[in-house]
Amino acid sequence: MTAPASEFVHKPKQIDFDTAASVPVAALTAWQGIFDHGKLASGQRILITGASGAVGSMAVQLAKNKGARVIGTGSGRNEEFVRKLGADEFIDYKKEKFEEKVRDLDVVFDTVGGDTQERAFQTLKGGGFLVSTVSPPSAEKAKEFGVTVAMVQMMPKPDQLVEINRLVESGKLKVRVATVLPLAEVKKAHQLSAAGHADGKIILRP
Ligand SMILES: NC(=O)c1ccc[n+]([C@@H]2O[C@H](COP(=O)([O-])OP(=O)(O)OC[C@H]3O[C@@H](n4cnc5c(N)ncnc54)[C@H](OP(=O)(O)O)[C@@H]3O)[C@@H](O)[C@H]2O)c1
């Protein structure tokens, strides 16, 4: 695979290539979602839906590292994992409705989409931000609730990746590799990913 040299950075030394391969897309998506679009600042409160996923788990750690109060959603089996990443609160989406538990938030970072994204509007304060990795949130609802909405289209930004790698090297950003498969099993990898319950990144090895 080729790309402009300006888009490459050195991988963090402490992690192997499989783990390193799982960093850029997930971490840059989270970084650009919560900081570039969501304008997350220290002391603010953020809801991260799908906090146990590849992107969500990066977002939890980046937000926590920024000094935000983090509320993550996921299924019960991932509660301990998400709390260990630094989430202050965990909401089990199979048992509870997050919109009944949190309100007046500064930022929602949505990695689930659909009905989850629709309901997230109710949790924001006026002037808040709803950023999704899945689909563009409704402009009509944004007007109704007085919030700013955006969808992240992850871009390779080496300066951000350098910052991200520093966090990996200092142990402040942990990476979750779900499984490593040979390239010949690309179909299985795709099915795993599409099912939406992979528990981390799926790595294909040539
Ligand atoms: N726009 C971009 O640039 C960009 C970049 C990267 C990814 N994406 C998109 O972002 C989304 C997330 O990607 P990912 O790699 O993080 O996916 P992932 O690793 O498959 O994670 C999805 C997570 O969401 C959880 N989940 C499923 N339904 C949920 C619900 N209703 N409420 C709360 N959590 C729920 C799952 O946990 P359980 O298994 O416990 O249910 C799983 O841990 C995907 O749609 C992907 O295509 C977009």
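Predicted model: local features only at pLDDT ≥ 70, side-chain atom pairs only at ≥ 80, totals over all residues.
View 1. On the α2 side, look for P24, A27, L28, W31, Q32 and D36. Their partners in α7 are Q160, L161, E163, I164 and L167.

View 2. If you like to keep track of handedness, α2 passes α3 in a right-handed crossing. The α2 residues that make the contact are A26, A27, T29, A30, W31, I34 and F35. From α3 come A54, V55, M58, A59, L62, A63 and K66.

**View 3. Helix α2 is largely enclosed by the rest of the structure.** How many of the 14 residues of α2 are buried? The count is ten, which is why the helix is described as largely enclosed. The buried residues are A26, A27, L28, T29, A30, W31, Q32, G33, I34 and F35. Among the elements that cover them are the helices α3 and α7. The cover also includes the strands β1, β4 (105-110), β5 (124-132) and β8.

**View 4. W31 and F35 form an edge-to-face aromatic pair.** A pair of aromatic rings is described by the distance of the centres and the angle of the planes. By the ring-pairing rule, the count for the model comes to two aromatic pairs. For W31 and F35, the ring centres are 5.1 Å apart and the planes stand at 80°, so the pair is edge-to-face. Both residues belong to α2 (residues 24-37), where they are four residues apart and thus separated by about one helical turn. W31 is buried, with a relative accessible area of 16%. F35 is buried too, at 15% relative accessibility.

**View 5. Two lysines sit over phenylalanine rings.** Staying with F35, you will find K66 over the face of its ring, at 5.3 Å from the ring centre. K66 is also one of the α3 residues in the contact with α2. In the other example, the charged end of K11 sits over the ring of F17, 4.9 Å from the centre of that ring.

**View 6. K39 and D199 have positive phi values.** Which residue just after α2 takes a positive phi? That residue is K39, with a value of about 55°. K39 lies in the loop between α2 and β1 (45-49). D199 has a phi near 60°, again in a residue other than glycine. Look for D199 in the loop between α8 (186-195) and β8 (201-205). D199 is partly exposed, with a relative accessible area of 24%.

**View 7. R119 is a buried arginine in helix α5.** The helix spans residues 114-120. Is R119 buried or exposed? Its relative accessible area is 19%, so R119 counts as buried, under the 20% limit. Leaving aside residues up to four places away in sequence, R119 touches K97, F98 and E99.

Key. Residues numbered from 1 in each chain as written. Heavy atoms only, no water. Phe/Tyr/Trp six-rings, centres within 6.5 Å; stacked < 30°, edge-to-face > 60°. Helix = DSSP H or I, 4+ residues; strand = E, 2+ residues; numbered from the N terminus. Buried < 20%, exposed > 50% of the residue type's maximum accessible area, 1.4 Å probe, protein only. Lys NZ or Arg CZ within 6 Å of the ring centre and 35° of its normal. Left-handed = near helix turned anticlockwise from the far one by under 90°. Contact = heavy atoms within 4.5 Å.
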